[in-house]
Amino acid sequence: MKPEDYSIAGKQEASGFGRLRPTFQWLALAAISFLIAAPMEVAGFSAALLMGPMLAGVSVSLCGATIRLPKSFFFVVQIVLAMMIAGTISPTFVGNFSANWPLFLAIVMSVIALSSFSGWIITRMKILPGTTAVWGTSAGAASTMLIMATAYGADARLVAFMQYLRVLFVAGVATLVAQIGGHNGAPLHALNWFAPVDLPSFAATLGVGTACAFVGTWLRIPAGAFLLPFAVGSAMSLTGVLKIELPQLLLAASYALLGWSIGLGFTRAILLHARRALLPTVLSIVALIGFSGLLAALLVLLLDIDPLTAYLATSPGGLDSIAVIAASSNVDIAFIMALQTSRLILVTFIGPALARFVADKV
């Protein structure tokens, strides 16, 4: 079976929102998203345009909605977000990594070790099989971990549930930290919804991003639809070859689509399927978030960076949602992306070996 044949949603009987036609389900989702996101945006919450739709997606999905975001839309969202972040990267990105790589490596490896230990505990308690537990607790990009878990024989529905529950927790906590940390209402760029758009630069931005995303997918690069446009876009932007131009309305739509993609995955069917793993998963997520907070405090002490930058840099995924929150706050995005990208690459390369190791030790 192909990875895309698995769905976090699973099959479910029509009930609640599910009795409505898909068109009306989408309209209801959009209306609820607006009702949640608008007050958050007015109040100055970071990433309100992500969190509002995410919470709305969870709400309608648990009420029986059957709609799901098409994969083609998520593909476009990754391109837009990758190019958006690429446009904010400063020349200090490479310098951050080269100057701090021993510390980065130690932090990333410690997060991977804790997440793997959580998977081992869940396996030892015989709640889940070893490979499923390890992939479910792996602190990598959720979509990438799901694809790799499927390829290595894990239960895709359980892995998806564990991964997206972590994304939901991390995004929520990161948003609250941004609010409490004094960065609320301090986006990197003031929002001007109808600002004039440089059409040639906009076309070039989408062209480069789309081409790189297709190449990244074709080459089977983990999270290639995000990472390759981000890498190439950053290089072209830093060298002045490309002026990255993205309308605010397109960015807002991308944030909303990402939120829906995450939120719509939480259905009653998958919660029933994962009920035995729910409490251990929540405990492992809380432990991982708390440990990331300690690592952030260490970064503040050693490198004298602001607490929110440190926390977002050490947060255990997902990469795309952290990128949106970072872009909505007055933080050092280059530092955050350097550490987050390092973690994703390492998890991708050593994840299969860790899954086999844990499964063999139980």
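**Aromatic pairs, core and charges**

Let me begin with Trp26, which is partly exposed because its relative accessibility is 26%. On the terms: buried means under 20% relative accessible area, exposed means over 50%, and partly exposed is in between, with a 1.4 Å probe and protein chains only. This is a predicted model, in which local features need pLDDT of at least 70 and side-chain atom pairs count only at pLDDT 80 or more, while totals for chains, interfaces and linings use all residues. Residues are numbered from 1 along each chain as its sequence is written, and side-chain values use heavy atoms, with hydrogens and water left out.

How many aromatic pairs does the structure hold? There are six aromatic pairs. The rule is that rings of Phe, Tyr and Trp (its six-membered ring) pair if their centres lie within 6.5 Å; planes under 30 degrees apart are stacked, over 60 edge-to-face, and the rest tilted. Trp26 and Trp260 are one of these pairs, and it is tilted because the planes stand at 50°, with the ring centres 5.8 Å apart. Trp26 belongs to helix α1 (residues 22-43) and Trp260 to helix α10 (residues 248-263), so the pair ties together parts that are 234 residues apart in sequence. Helices here are DSSP runs (H or I, at least four residues), numbered from the N terminus. Trp260, at a relative accessible area of 14%, is buried.

Next, Phe75 and Phe214 form a tilted aromatic pair, with 5.0 Å centre to centre and 50° between the planes. Phe75 is in helix α3 (residues 71-86) and Phe214 in helix α8 (residues 199-218), so this pair ties together parts 139 residues apart in sequence.

Met337 sits in helix α15 (residues 333-361). Its relative accessible area is 1%, so Met337 is buried. Met337 and Phe97 are 240 residues apart along the chain, yet their C-alpha atoms are separated by 9.8 Å.

Together with Trp101, Leu105 and Met109, Phe97 makes a nonpolar surface patch of about 380 Å². Such a patch takes residues with over 30% relative accessible area and no salt bridge, with nonpolar side chains (Val, Leu, Ile, Met, Phe, Trp, Tyr) joined within 5 Å. Accessible areas come from the Shrake-Rupley method with a 1.4 Å probe.

On to charges. Side chains of opposite charge can pair when their charged atoms come close. The structure holds two salt bridges; the rule asks for a side-chain nitrogen of Lys or Arg within 4 Å of a carboxyl oxygen of Asp or Glu. Lys243 and Asp198 form a salt bridge at 3.5 Å, N to O. Lys243 is in the loop between α9 (224-238) and α10, and Asp198 in the loop between α7 and α8, so the pair ties together parts 45 residues apart in sequence. Glu245 and Lys243 also meet in a salt bridge, at 3.9 Å, N to O. Within it, Asp198 is partly exposed at 28% relative accessibility, and Glu245 is buried at 15%.

What about disulfides? The count is zero, where a disulfide is a pair of cysteine sulfur atoms within 2.5 Å. Among the cysteines, Cys63 is partly exposed at 39% relative accessibility and Cys212 is buried at 11%.

Two residues remain. Trp135, in helix α5 (residues 130-137), is buried at 0% relative accessibility. Trp135 and Asp155 are 20 residues apart in sequence and 9.4 Å apart in space, C-alpha to C-alpha.

Most residues other than glycine have a negative phi. Asp304 has a positive phi, near 55°. Asp304 lies in the loop between α12 (275-303) and α13 (307-314) and is exposed, at 69% relative accessibility.

Methods
Helices (H or I, at least four residues) and strands (E, at least two) are DSSP runs, numbered from the N terminus. Patches are made of residues with over 30% relative accessible area and no salt bridge: like charges are joined within 9 Å, nonpolar side chains (Val, Leu, Ile, Met, Phe, Trp, Tyr) within 5 Å.
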